[in-house]
Amino acid sequence: MSSLNRLAVAKNKRKFHAFLKICKQDFSLQATSSGPLEGYRVLDLTRILAGPFCTMLLGDLGAEVLKVEKPGQGDETRRWGPPFRSSESTYFLSVNRNKKSLTVDIKKPAGQQIVTEVKKLLC
């Protein structure tokens, strides 16, 4: 890791630990629906079509799903339409029901560290 990346990680360390504390509190085992997968946790790094549909089914069966999206844009399907509800496509809303969402830039080392820490929380 370059010294610039280490500096960015160190600079955001307090924010990162505050974020993890919030994750631990908010991402509890209180699934939105009960089902055979109640108590299971899923980290959703998918986008567009097949992956979000699959994790939608897992959520429908009771798993708790945390979707990771691109900062600033989110999943591309937010803009697929018409039809739209407010500014989001109804397709996006339908396949991402029963999910919690988090924006992380996984191209950057700090973002990769966040996803790794969140993954540890889910296990």
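The chain exposes about 8,000 Å² of surface, and carbon and sulfur atoms account for 59% of that area. The model described here is a predicted one. Of the 123 residues in the chain, 28% count as buried.

The secondary structure of the chain consists of 5 helices and 5 strands. Read from the N terminus, the elements follow the order α-α-β-α-β-β-β-α-β-α. Three of the strands build an open sheet in the order S1-S2-S5, with parallel pairing. Its edges are formed by strand S1 (41-44) and strand S5 (99-103), each of which pairs on one side only. On average, neighbouring strands of this sheet are turned by 20 degrees against each other, direction ignored. As a brief reminder, the strands of a sheet pair through backbone hydrogen bonds, in either a parallel or an antiparallel sense.

Strand S2, which covers residues 64-69, pairs with S5 in the parallel sense over 5 bridges. Within this pairing, Leu66 has Lys100 of S5 as its bridge partner. Helix H5 (residues 109-122) packs on the sheet and touches S1, S2 and S5, with its direction making about 165 degrees with that of S1. Helix H3, spanning residues 50-60, also lies across S1, S2 and S5. The angle between H3 and S1 is about 165 degrees.

Turning to the side chains, the structure holds 1 aromatic pair. Trp80 and Tyr91 make up this pair, and their rings are stacked, with 5.5 Å from centre to centre and 25 degrees between the planes. Trp80 sits in the loop between S2 and strand S3 (84-85), while Tyr91 belongs to helix H4 (residues 90-95), so the pair ties together parts that are 11 residues apart in sequence.

The peptide bond from Gly81 to Pro82 is cis, with omega near 5 degrees.

Ile48 is not a glycine, yet its phi is positive at about 75 degrees. This residue lies in the loop between S1 and H3. With 22% relative accessibility, Ile48 counts as partly exposed. Ser86, again not a glycine, has a positive phi of about 60 degrees. Its position is in the loop between S3 and strand S4 (88-89). Ser86 is exposed, and its relative accessible area is 76%.

Key: Residues are numbered from 1 along each chain as its sequence is written. This is a predicted model: local features need pLDDT of at least 70, side-chain atom pairs count only at pLDDT 80 or more; totals for chains, interfaces and linings use all residues. Side-chain values use heavy atoms; hydrogens and water are left out. Helices (H or I, at least four residues) and strands (E, at least two) are DSSP runs, numbered from the N terminus. Buried means under 20% relative accessible area, exposed over 50%, partly exposed in between (1.4 Å probe, protein chains only). Accessible areas come from the Shrake-Rupley method with a 1.4 Å probe; for residues, only the protein chains shown count as cover. Two strands pair if DSSP finds at least two bridges between them. Axes are lines fitted to C-alpha atoms, for helices over the stretch in contact, and angles run from 0 to 180 degrees between N-to-C directions. Contact means heavy atoms within 4.5 Å. Rings of Phe, Tyr and Trp (its six-membered ring) pair if their centres lie within 6.5 Å; planes under 30 degrees apart count as stacked, over 60 as edge-to-face and the rest as tilted.
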